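Here is a short briefing on helix packing in one model. The structure comes first, then the main points by topic.

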Amino acid sequence: FLFVRFNSIVCQSEEMKQSIARLYNINLNKLIVIHNPVIITSVIKPQNQISGLKRLIAVNRLIKEKGLFRLLDVMKALPQNYVLTIAGKGPLMDTLKAEVQNIGLNERVKFIGEIKNVADVISKHDLLVLSSFTEGFPNVVLEALSVGVPVVTFRVGGVNELIREGFNGFIAEQNDLCTLRHQIIR
């Protein structure tokens, strides 16, 4: 009701623009896309150490919509040299820690809580994994790409405009855990 009264509406991604136009029957000419900015950083991803470990990171608020339980299911199916760091805080922290213990991943999954130096922390990993069911526009993907860390993600809002398949990451269809696992290994 209110949208039609605005002269213009700013969207974070082309996908959001198309959705708003379709859902609310708004003329595309009223919708403008302004992508979120990337903060310029001097952080550079260090070269991979020879340790053989594949270091994954997920940076999220620890809530259901971020799909972290399904990421733990994927971790169970990955080779033993894959380790996951989960950065963030939220109401599911204790439940996620209990699940990690319950499924025997306590040696391969660690929680580091909320972080302030996001780009620096991400740069120390080999891959960012975004397991969200839904996103408006995932800034963490921009932060990873800005320091040269590729991203494997489910298809969620805005990632089509950020990920070039095979160049800086891969996109799996929602709930396709097998493809997500395969793309992480790839």
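Helix α2 (residues 68–77) packs against helix α3 (residues 93–102) at an angle of about 15°. Their axes lie 11 Å apart. The model is predicted. Angles under 35 degrees count as roughly parallel, so α2 and α3 are roughly parallel to each other.

**The α2–α3 contact**
- The crossing of the two helices, α2 and α3, is right-handed.
- On the α2 side, Leu68, Phe69 and Leu72 make the contact.
- On the α3 side, the contact residues are Thr95, Leu96, Glu99 and Val100.
- By class, the residues of this contact divide into 5 nonpolar, 1 polar and 1 charged.
- Thr counts as polar and Glu as charged, so Thr95 and Glu99 of α3 are the polar and the charged residue of the contact.

**Helix α1: the buried side**
- Helix α1 covers residues 14–24.
- Its buried residues are Lys17, Ile20 and Ala21.
- Seen down the axis of α1, these buried residues fall within an arc of 100°, so they line one face of the helix.

**Helix α1: the exposed side and the end**
- Arg22 and Leu23 are exposed.
- Both sit on the face of α1 turned away from its buried side.

Key: Residues are numbered from 1 along each chain as its sequence is written. This is a predicted model: local features need pLDDT of at least 70, side-chain atom pairs count only at pLDDT 80 or more; totals for chains, interfaces and linings use all residues. Side-chain values use heavy atoms; hydrogens and water are left out. Buried means under 20% relative accessible area, exposed over 50%, partly exposed in between (1.4 Å probe, protein chains only). Helices (H or I, at least four residues) and strands (E, at least two) are DSSP runs, numbered from the N terminus. The arc is that of the directions from the helix axis to the C-beta atoms. Axes are lines fitted to C-alpha atoms, for helices over the stretch in contact, and angles run from 0 to 180 degrees between N-to-C directions. Angles under 35 degrees count as roughly parallel, over 145 as roughly antiparallel, 65 to 115 as roughly perpendicular and the rest as oblique. A crossing is left-handed if the near helix is turned anticlockwise from the far one by less than a right angle, and right-handed if clockwise. Contact means heavy atoms within 4.5 Å.
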